[in-house]
Amino acid sequence: MNRLFRRGLLAATLLATPLAFAADLAGTHIDDRASVAGTELVLNGAGLRTRFMLKVYTIGLYLPKRSDSLVSVSASPGAKRILITTLRDLSADDFANALIEGVRRNLSDADLANLQSRLDEFRTTLLGLRTAPSGTQIRIDWLPASGTRLSIGNETRGKDIPGEDFYRALLRIWIGDKPVDEDLKNALLGKR
């Protein structure tokens with residue numbers, strides 16, 4: 001009983017406390033800060049992606065300063081990071097298709113057409129992974145000098161994809177008008 005009380009108290013504390021500190025989510029540690037391209041970033045929010053009641057991945061959003069909307073996140077100058085840690089084995093094909101579908105849901109046909117070649121390049125790089133075993137860390141960084149960089153573990157994959165519009169399109173998967181999960185959107189924007 002004491003153990004159950006402690007777990008309940010911990011869960012209530014995590015939900016009531018803004019994620020200004022490191023977080024432990026579904027057994028995954030998410031640091032409160034990250035350094036990208038020489039810029040110190042803060043954890044804006046973190047959440048758990050589930051699908052059909054299965055835990056799929058944890059995700060953290062790092063920004064130069066805290067923001068609570070897609071507009072303010074997109075307008076925020078400087079480096080940014082999306083950090084995903086898989087909680088189950090994922091095929092590269094399923095993961096890539098889910099990300100591309102998330103982008104498609106949130107863009108107009110004209111915007112999608114403008115990004116199509118870069119989306120194809122990103123998808124091809126993801127498919128090169130073949131699989132993302134449970135515990136794989138996937139970093140999607142915005143580097144103002146060069147573009148969107150995909151890293152698996154500590155290894156950069158593919159070449160940087162130019163254009164901040166591309167990174168903003170990726171952000172829309174999780175915090176756009178049609179996010180993959182509304183609760184996850186609120187968590188990443190620090191609203192829970």
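**Core packing and salt bridges**

K80 is buried, at a relative accessible area of 1%. Here, buried denotes under 20% relative accessible area, exposed over 50%, and partly exposed in between (1.4 Å probe, protein chains only). The model is predicted: local features need pLDDT of at least 70, side-chain atom pairs count only at pLDDT 80 or more, and totals for chains, interfaces and linings use all residues. Residues are numbered from 1 along each chain as its sequence is written, and side-chain values use heavy atoms, with hydrogens and water left out.

The structure holds seven salt bridges. A salt bridge is a side-chain nitrogen of Lys or Arg within 4 Å of a carboxyl oxygen of Asp or Glu. One of them joins the side chains of K80 and E164, at 3.4 Å from N to O. E164 belongs to helix 5 and K80 to strand 6 (residues 80–86), so this pair ties together parts that lie 84 residues apart in sequence. Helices (H or I, at least four residues) and strands (E, at least two) are DSSP runs, numbered from the N terminus.

R168 and E164 are four residues apart in helix 5, so about one helical turn separates them. R168 is partly exposed, at 32% relative accessibility.

E155 counts as partly exposed at 46% relative accessibility. R157 is partly exposed too, with a relative accessible area of 24%.

Attention now turns to nonpolar packing. In soluble globular proteins, nonpolar side chains tend to be buried together. A nonpolar core is a set of buried Ala, Val, Leu, Ile, Met, Phe, Trp, Tyr and Cys residues joined through side-chain atoms within 4.5 Å. The largest such core has 41 residues. Within this core, I82, F122, I140, W174 and I175 touch the most other members. Helix 5 (residues 164–175) supplies the largest share, eight residues. Apart from this core lies another, of twelve residues, including A34, L43, A46 and A79.

W174 has contacts (heavy atoms within 4.5 Å) with Y57, I59, I82, I84, L99, I140, P179, V180, L184, K185 and L188, not counting residues up to four places away in sequence.
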